[in-house]
Amino acid sequence: MLGEEAEEEESYKLTIKTPNGTVVPVLASSQETVQDLKQAVGETAGTVEYSCFYLSFNGQKLNDFSMLSEIEGLATDSELVLVEDQYTEREARMHVIRLRELLGGSTAVTANPLVAGLDAGVSVFSSVKQSSNTGHYHAFAEFELGKPPSLDALSTTQAIKQLGLPLCIRLLVLSGWNPVPRHQQLKGDLLYLLVTTLENQSYHITAHRTGFYVNASTTSRFSSENYGSAHAGQPGVRDAPHYSAHSLVTLLRRLSPKFARALTDVQRELETRDPTETLPFQLAEQAATPWAVSGADSRSASYDVGGPQEAFLRQGVDSVDSLRDWNEELQSIREMPRDTLQDR
């Protein structure tokens, strides 16, 4: 029985074509779903700007929960197409959070280093690997087993410093024009953002159902009109399409050349690191032994206006996203198929 099921399971070598020209190769089994393919796209360095999309095959939208073996006409070497989808208010918030996590190397944003004190995910893997590659002394060559270790080695702040990630943007926060008025919601507005680039240029950005665009608002006057349309003909102002994009990452790359270069450096640095060094530990935000943590250096703290806004971005204005219907999840699990070994 087990051998027959193993023989029936096929391996797929699929390719996913994206609007920016990147082709993502994916190796999957017949039991994997379309959602698994979308997750692979989100974890690829060349497609970090995509968070709201669906996959299509032969012009047909694929159901996220369909297994590859259930897709009609799908061959083991077929090509899928990534199609940009419309945002919802929740997906717009998740898009902003994803960008903040990317710019912080996944550790600087999800957990406050001065609160946690100790980093549960600190690793010496890179130093060991570099020592073996360069032929230098091993990382533990001068390690004294009988000597009490220094707690500074487990400092979250030190771990973030060792990543050496460059600064990509000065400010990325929710604008003071939130919440979106009802009449603007009818027009498709979801969120308002305030961005300050490394060139010290501030932009008010609207998260719309169709994407992100720079609006003509200031700190004293609100205007939802596209910046290019509102200031058409003025020196240095480009046409309206330049100030809009489906992804916030793509828009910031157009607005700030320094952001584009720094983001490339961040991606290149994170690709060389072991995943355990950049993976955030969500349950390690409180130290188990806070009395054993040395005092944090105030000079290492960074002022982040967006920090207090994390709760809103993750849970929404009424915290609906944080509520879970346990009964519905339990019933859905009970209704899952259990006929084959793979299903169980």
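Reader: Which residue in E7 stands opposite leucine 172?
Author: This is a predicted model, in which local features need pLDDT of at least 70 and side-chain atom pairs count only at pLDDT 80 or more, while totals for chains, interfaces and linings use all residues. Residues are numbered from 1 along each chain as its sequence is written, and side-chain values use heavy atoms, with hydrogens and water left out. Strand E6 and strand E7 (residues 189-196) pair in the antiparallel sense over four bridges, where pairing requires that DSSP finds at least two bridges between the strands. Within E7, the residue that leucine 172 faces is valine 195.

Reader: Which strands are the edge strands of the open sheet?
Author: The sheet has five strands with antiparallel pairing, in the order E6-E7-E8-E9-E10, each strand being a DSSP run of at least two E residues, numbered from the N terminus. An edge strand pairs on one side only, and this holds for strand E6 (171-174) and strand E10 (244-245).

Reader: What angle does the direction of helix H3 make with that of E7?
Author: Helix H3 covers residues 89-103 and packs on the sheet, a helix being a DSSP run of at least four H or I residues. It touches E6, E7, strand E8 (202-208) and strand E9 (211-214), and its direction makes with that of E7 an angle of about 20°.

Reader: How are H3 and helix H9 oriented to each other?
Author: H3 and H9 (residues 248-255) pack with their axes 10 Å apart, at an angle of about 55°; the axes are lines fitted to C-alpha atoms over the stretch in contact, and angles run from 0 to 180 degrees between N-to-C directions. Angles under 35 degrees count as roughly parallel, over 145 as roughly antiparallel, and 65 to 115 as roughly perpendicular, with the rest being oblique. The two helices, H3 and H9, are therefore oblique.

Reader: Which residues in H9 do His95, Val96 and Leu99 meet?
Author: These three residues belong to H3, and here a contact means heavy atoms within 4.5 Å. Their partners in H9 are Leu248, Val249 and Leu252.

Reader: Is threonine 196 buried or exposed?
Author: Threonine 196 lies in strand E7, and, leaving aside its neighbours within four places in sequence, it is in contact with Ile169, Arg170, Leu171, Gln201 and Ser202. Buried means under 20% relative accessible area and exposed over 50%, with partly exposed in between (1.4 Å probe, protein chains only). Because its relative accessibility is 13%, threonine 196 counts as buried.
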